[in-house]
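Reader: I would like to know what the words used for a structure rest on. Please show me one, and I will ask about the terms as we go.

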Amino acid sequence: CSGTPVMMSSTDGFWDKDLFEHNEDIFFIYDNSYKEWIIQIERLYNDDKLINKLSLNGKKKVDDNYNLEQLKQYLTN
């Protein structure tokens, strides 16, 4: 939630795929090969608009959906 864009492999174990959107607030790697990681890291590195969009949208998504108040409610119910 620091505003750093998140890039991760798209796996069945990701905890909230329905909430997060590829290229909007997170950057999923669908082909989990090292070559694909290199290609996508370079793509992201060279696209300031995409980095900024992912940073702002990702931080807002986490702030809106996974804040301390929600955690408190979850733990007390």
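Reader: Why is Gln40 called buried?

Author: The relative accessible area of Gln40 in this predicted model is 13%. Buried means under 20% relative accessible area, exposed means over 50%, and partly exposed lies in between, with a 1.4 Å probe and protein chains only.

Reader: Where is Gln40, and what does it touch?

Author: Gln40 sits in helix 1. Helices (H or I, at least four residues) and strands (E, at least two) are DSSP runs, numbered from the N terminus. Not counting residues up to four places away in sequence, Gln40 touches Met7, Phe27 and Ile29; contact means heavy atoms within 4.5 Å.

Reader: Is Tyr34 buried or exposed, and what makes it so?

Author: Tyr34 also lies in helix 1. Its relative accessibility is 60%, which is over the 50% limit, so Tyr34 counts as exposed.

Reader: How do you know how much to trust the model?

Author: The model is predicted, so local features need pLDDT of at least 70 and side-chain atom pairs count only at pLDDT 80 or more, while totals for chains, interfaces and linings use all residues. Residues are numbered from 1 along each chain as its sequence is written, and side-chain values use heavy atoms, with hydrogens and water left out. The pLDDT is the predictor's confidence in each residue, from 0 to 100. Its mean over the chain is 88, and 99% of the residues reach 70 or more. Confidence is highest in helix 1, at a mean of 93, and lowest in helix 3 (residues 68-76), at 80.

Reader: What is the overall pattern of the chain?

Author: Along the sequence the pattern is β-β-α-α-α, from 3 helices and 2 strands. Buried residues make up 21% of the 77 residues.

Reader: What makes the arrangement of helix 1 and helix 2 roughly parallel or roughly perpendicular?

Author: Two packed helices are described by the angle between their axes and the distance between the axes. The axes of helix 1 (residues 34-45) and helix 2 (residues 48-65) cross at roughly 90 degrees and come within 6 Å. That makes helix 1 roughly perpendicular to helix 2, because 65 to 115 degrees counts as roughly perpendicular, under 35 as roughly parallel, over 145 as roughly antiparallel and the rest as oblique. Axes are lines fitted to C-alpha atoms, for helices over the stretch in contact, and angles run from 0 to 180 degrees between N-to-C directions.

Reader: Which residues meet there?

Author: Arg43, Leu44 and Tyr45 of helix 1 meet Asp48, Leu50, Ile51 and Leu54 of helix 2.

Reader: Why is Asp25 called buried?

Author: Asp25 is in the loop between strand 1 (7-9) and strand 2 (27-29). Its relative accessible area is 6%, under the 20% limit, so Asp25 is buried.

Reader: What makes the pairing of the side chains of Asp25 and Lys61 a polar contact?

Author: These side chains make a polar contact at 2.7 Å. The term covers a pair of N or O atoms within 3.5 Å; within protein, one must be able to donate a hydrogen and the other to accept it, and residues adjacent in sequence count only if both atoms are side-chain atoms. The distance of 2.7 Å is within that limit.
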